[in-house]
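Please examine the sequence and the structure before reading on.

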Amino acid sequence: SFIDESVEEAITDYGNSVLYSSARNEYMIVRMKRMLERTVWALTKQLSAGDFQPSAYEFRFANGKIDRIDTCEDGDKVYVKVLDYKTGSKAFDVVALYHGLQLQLMVYMDAAVKAEQKKHKEQEVIPAGVFYYRIQDPLVDKQEEASVEEALLKELKPDGMINLKDEVLHHLEHRTEGESLAVPVKFNKNGSLAKSSKAVPEEEFQIMMRHAARKVEETHQSILRGETKASPYRRGQETGCDYCKYRHVCGFDVKVPGYAYRDIGKMSKEEAIAAMQAASKGEE
Ligand code: SF4
């Protein structure tokens with residue numbers, strides 16, 4: 001009923017007439033409610049897999065707004081998790097992070113850790129993981145009743161990166177075998193993590209956080225220096241111009257001599273982390 005009420009309220013704000021103006025729009029409202037019900041259901045299930053509790057919603061800070069921060073207190077430690085809701089598909093991409101193309105979650109984590117440290121002055125605040133949750137209402141093949149729920153949760157599993165420090169993984173996911181339905185990890189038969197798991201040792205997680213902070217600083221500096229060169233990246237089929245609002249006015253055109261994409265080569269996750277580490281050592 002909260003979902004029903006909230007959607008109705010939002011529609012009223014939006015102007016009743018528009019959304020109830022056609023059968024198509026009315027159906028959209030039904031879909032919106034269904035999608036929200038699915039989302040609340042999945043987020044609740046994911047949370048109940050571990051020990052975290054929501055600590056802040058729509059947390060505003062200098063560089064943006066964090067959809068949700070969850071924390072888990074364990075003695076003198078406070079574990080922090082950051083969650084961002086997305087409507088399109090979004091995966092945590094270490095190579096994009098290295099190139100400064102996906103800084104959001106690590107920058108959010110830095111802000112969340114600082115905010116939680118202010119609240120918990122006596123405790124050690126530990127970054128646990130960053131996640132994207134994709135808002136959708138997936139369809140799965142009809143299977144046995146018991147596994148439909150599982151199949152849906154697999155589709156709705158957040159993507160992200162986990163810091164394997166101390167008890168982080170256990171607090172995120174109590175299960176120790178098979179595939180987690182709450183976080184992007186899978187366990188091998190011997191209890192170790194499968195290679196496809198999105199989890200790294202603490203040192204690597206820290207390298208990523210520091211790298212994001214450094215990239216933000218570099219970008220600030222280049223803006224202040226007045227750097228405005230049209231130098232969009234290209235990575236496979238994807239380019240910086242794909243969703244750019246300025247593409248019709250900026251003048252960038254590869255057919256014009258002097259204009260070229262900044263090509264980003266292929267790299268493995270391990271290579272990207274090593275490069276971030278080298279960059280941070282170089283700076284020191
Ligand atoms: S369309 Fe123009 S302004 Fe936009 S990213 Fe490409 S080069 Fe830059």
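## Basis of the report

The structure is a predicted model, in which local features need pLDDT of at least 70 and side-chain atom pairs count only at pLDDT 80 or more, while totals for chains, interfaces and linings use all residues. Residues are numbered from 1 along each chain as its sequence is written, and side-chain values use heavy atoms, with hydrogens and water left out.

Rolling a probe the size of a water molecule over the atoms shows where empty space is left. On a 1 Å grid over the protein atoms alone, a cavity is a set of points where a 1.4 Å probe fits but cannot get out, whereas a pocket is an open set with protein on both sides within 12 Å along at least five of seven lines; lining residues have an atom within 4 Å of a point. Grid points are joined across faces, edges and corners, and a volume is the space filled by probe spheres set on the points.

The largest pocket has a volume of about 810 Å³. Its lining comprises 25 residues, and Thr219, Ser222, Lys229, Ser231 and Arg262 lie nearest its centre. Helix 8 (residues 202-224) gives the most to this lining, with 5 residues; helices (H or I, at least four residues) and strands (E, at least two) are DSSP runs, numbered from the N terminus. The largest pocket lies between domain 2 (50-203) and domain 3 (227-283), because both give residues to its lining. The domain bounds come from an automatic or database domain assignment.

The second largest pocket holds about 300 Å³ of space. Of the 13 residues that line the second largest pocket, Lys90, Asp93, Ala96, Gln102 and Glu238 lie nearest its centre. Domain 2 and domain 3 each provide at least three residues of this lining.

## The ligand

In which pocket does the ligand sit? The ligand sits in the largest pocket, a description that applies if more than half of a molecule's atoms lie within 2 Å of the grid points.

Around the ligand are Pro232, Gly240, Cys241, Cys244, Arg247, Cys250 and Phe252, where a residue is near a molecule if one of its heavy atoms lies within 4 Å of it. This shell has 5 nonpolar, 1 polar and 1 charged residues. In this classification, Ala, Val, Leu, Ile, Met, Phe, Trp, Tyr, Cys and Pro count as nonpolar, Asp, Glu, Lys and Arg as charged, and the others, Gly among them, as polar.

## The cavities

How many cavities of 30 Å³ or more does a search of the whole structure find? The search finds 2. The largest cavity contains about 70 Å³ of space, and among its lining residues are Leu43, Arg68, Phe131 and Val183. Helix 3 supplies the largest share of that lining, 3 residues. By class, the lining has 7 nonpolar, 1 polar and 2 charged residues.

The second largest cavity contains about 40 Å³ of space. Its lining residues include Gly50, Asp51, Phe52 and His171, and helix 3 and helix 7 (168-172) are the elements that give two or more residues to it. The classes here are 3 nonpolar, 3 polar and 2 charged.

## A residue in strand 1

Gln53 lies in strand 1 (residues 53-61). Gln53 and Val80 are 27 residues apart in sequence and 9.8 Å apart in space, C-alpha to C-alpha. When residues up to four places away in sequence are not counted, Gln53 touches Ile69, Asp70 and Thr71, contact meaning heavy atoms within 4.5 Å.
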